[in-house]
Amino acid sequence: MSSAKATASAFIRCQIRTKNDLMQTGVQRATAAAEQRLPGALTQLYKTVLELITTDTPLSLALDGLCRFMEAEYPGLLCSVLLVDPDGVTLRHGAAPSLPVEYVRAIDGAQVGPSTGSCGTAAYRDEPVLVTDIASDPLWKDYRALALPHGLRACWSTPIRSRAGQVLGTFAVYYREARSPDPEHFHMVECATHLAGIAIEREQAERNCRAAETRYRSLVERLPAITYIAEVGVLGRWLYVSPQIESMLGFTPDEWLADASNWANHIHPDDRDYALETEKQFWQAGGIYHAEYRMLARDGRTLWFRDDAIYLKTTDGQRPRMQGVLHDITERKQLEDQLRQSQKMEAIGQLAGGVAHDFNNLLMIIQGHNERLLRRLKSGDPVYKDATATREAVDRAVSLTRQLLAFSRKQVLEPKVLDLNAVVVDVGKMIQRLIGENIEVQVKPASSLWRVKVDQRQLEQVILNLAVNARDAMPKGGKLTIETSNREIDETDAAEAGQARPGRYVVLTVSDTGIGMDQETQSHIFEPFFSTKEPGKGTGLGLASVYGIVKQSGGWISFHSQVSQGTNFRIYFPEAAEPLPAAERKATPPARVKGTETILVVEDEEEIRDMVREFLEHNGYTVLHASNGADALQMAERYKGAIHLVVTDVVMPRIGGHELAQELKQLRPRVKILFTSGYPEHTALGEPKTDERNAVILQKPYPLKALAGQIRQLLDTGEARATRSAPL
């Protein structure tokens, strides 16, 4: 609203309200001469005060100017403005250019209430309060001692209201004699009160606006994101960018705003076409701009951003503008990549576990027939060499299956508490012969190393795999270092590491001075069948199996590598709480493998069943056989003689091996149980759901001699140990 319109509108409202309020207060109407002079005075009042308001004069000066105008226009008036504090019950000094300073200070902080002088009562009642004699009026009982010493005898106070009717403060007129206001004074004060309300509301609105802007700017500049305003288009000028751009991309706001091409030039080359095409579509269709792309920081880092923006309204002739937020989503993208990698590894692991079962059964058949063939051949026979080559091929196939199972974390582990230093020293001697004389091997065992609980054979395999990997990375020679250390990881370290958990760990570090790896290679090193070697020179399962073994052992692995700077692998194993076990006495293999006892063989794979039956019968045993658990139970019920031992597969149709063992124990409590399985997850000790302490599991593919040895040991001593397939 313009000053002229505001003046006219306020003037009309003031005239109407003045007439009504005159009747309420009992003040007599003004004389004819005063009424003729009043319009000019009102016009000048509005012009003067509105000019102060519209030129952004501070509120204190605008109210001061209002009071001074009134006092100059009507000598003898002493004007004052008090403002209601945000608490709603306290009055604060606003303006009082002619009142004594001591009195102004005394009433600053006066309370709003029913008997608190003219001003406090006017604010409380929300109506004008006229006190013609401060010395005798009961409203001033507690305040007259403040006013009378300064010669203040009468006070008339009017509430200052907002457009919504809220009391913002009071406008007071003091006289130095006991008296009522002149009618003309009443007219002017009523309109002055209205102008004071305009000034106070405007200042409050501006203050709220500034506060909102400050809050918004504070929020924007504290967000973990870059906010911006820019002209739409590839080379559109950036008009504003928040300070976060410096911490994220390395540019100050001024540097970024100085060059309109900064945005397009710092988008990752692989994402640039997508980001620019998306903005082009946004320009043409409007709506919301949304894109995810990478940007290159000043120091070379690559960061992922999600860019969300909207159109800003512009005046005619201005280039279209957009306001948006660049969210740093680098961590989210890394987590998504890790999740995809984990899901891919899990899927391949599931596949590997399933393939291993069928493959183990096939190897069992090949191995068994080859054993039978070798028993019939003499070493000089021309076919003996072929049978030996077949045995070696089966050994390699068994090793490959183990690597697949290690990667899928489903292999058989026999964890024991051990001293990692002792293992590292022993393996270090073997490594020196393995990797050649042009590579220096250093073993650095830490003193007072904590204990770990791992499978020693798999731990040795981890070290060997990393050593072979290091050897291949140093074709011209170099240095391989294997060292151990203790480390305590707290909550902060664990959060930074991502996959770590707080606790005490034993760290195995294997580092080399080889050719190192680039970022692309590093992103695939733990994937199965990924290899940088020439075809035929590696399975691609070395590091994948290392990863699987470490994970299955409850630890984790990290690495650091730079091209031409070498590679460093760190493996973390949790500290073992148990003490080192006493030295174990090596199990003595049974002196004989033949026998005359009765054995029930339960196997759903016909070729394996026939092969085991024939082998055991060849060694003197009486063999009963069944293709599933249900048939085996019927046979155990019908058979009149003793059944000394049952060899049963774990997974079979109808009734599985564990359930069969429980049923057989009810029928024949003294029978011994030997489980076999091609599924690695069934080979953990304690897995069988039977109370038979002597029940053990033999992992396929197993040599028939190993089967005979386990059977004999169970029958002779009632003790046996879980056995992994051994080389032929």
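This is a predicted model: local features need pLDDT of at least 70, side-chain atom pairs count only at pLDDT 80 or more; totals for chains, interfaces and linings use all residues.
Residues are numbered from 1 along each chain as its sequence is written, and side-chain values use heavy atoms, without hydrogens or water. Local features need pLDDT of at least 70 and side-chain atom pairs count only at pLDDT 80 or more, while totals for chains, interfaces and linings use all residues. The structure holds 12 aromatic pairs and 29 salt bridges.

**Aromatic pairs**

- A pair of aromatic rings is described by the distance of the centres and the angle of the planes.
- Rings of Phe, Tyr and Trp (its six-membered ring) pair if their centres lie within 6.5 Å; planes under 30 degrees apart are stacked, over 60 edge-to-face, and the rest tilted.
- Y505 and W556 are edge-to-face because their ring centres are 4.8 Å apart and their planes stand at 75°.
- This pair links distant parts of the chain, 51 residues apart: Y505 is in strand 15 (residues 503–512) and W556 in strand 16 (residues 556–562). Helices (H or I, at least four residues) and strands (E, at least two) are DSSP runs, numbered from the N terminus.
- Y505 is buried at 4% relative accessibility, and W556 is buried at 3%. Buried means under 20% relative accessible area, exposed over 50%, and partly exposed in between (1.4 Å probe, protein chains only).
- F559 and F569 form a tilted pair, with 5.9 Å between centres and 40° between planes.
- F559 belongs to strand 16 and F569 to strand 17 (residues 566–574), 10 residues apart.
- F559 is partly exposed at 26% relative accessibility, whereas F569 is buried at 3%.
- One aromatic cluster is formed by Y228, W238, F251 and W256.

**Charges over rings**

- A charge sits over a ring if NZ of Lys or CZ of Arg is within 6 Å of the ring centre and within 35 degrees of the ring normal.
- The charged end of K333 sits over the ring of W304, 4.5 Å from its centre.
- For R504, the charged end sits over the ring of W450, 3.8 Å from the centre.

**Salt bridges**

- A salt bridge is a side-chain nitrogen of Lys or Arg within 4 Å of a carboxyl oxygen of Asp or Glu.
- R298 and E255 form a salt bridge at 3.3 Å, N to O. R298 lies in the loop between strand 8 (288–296) and strand 9 (302–312), and E255 in helix 9 (residues 253–257), 43 residues apart.
- E255 is partly exposed, with a relative accessible area of 34%.
- E578 and K453 form a salt bridge with their closest N and O atoms 3.1 Å apart. E578 is in the loop between strand 17 and strand 18 (598–602) and K453 in strand 13 (residues 452–454), so the pair ties together parts 125 residues apart in sequence.
- Both partners are partly exposed, E578 at 33% and K453 at 38%.
- Salt bridges that share partners join E292, R332, K333 and E336 into one network.
- Within helix 12 (residues 330–376), E336 and K333 are three residues apart, about one turn of the helix; their closest N and O atoms are 3.9 Å apart.
- E336 is partly exposed at 27% relative accessibility, while K333 is buried at 15%.

**Helix 22**

- Buried residues in helix 22 include L704, L707, A708, G709 and Q710.
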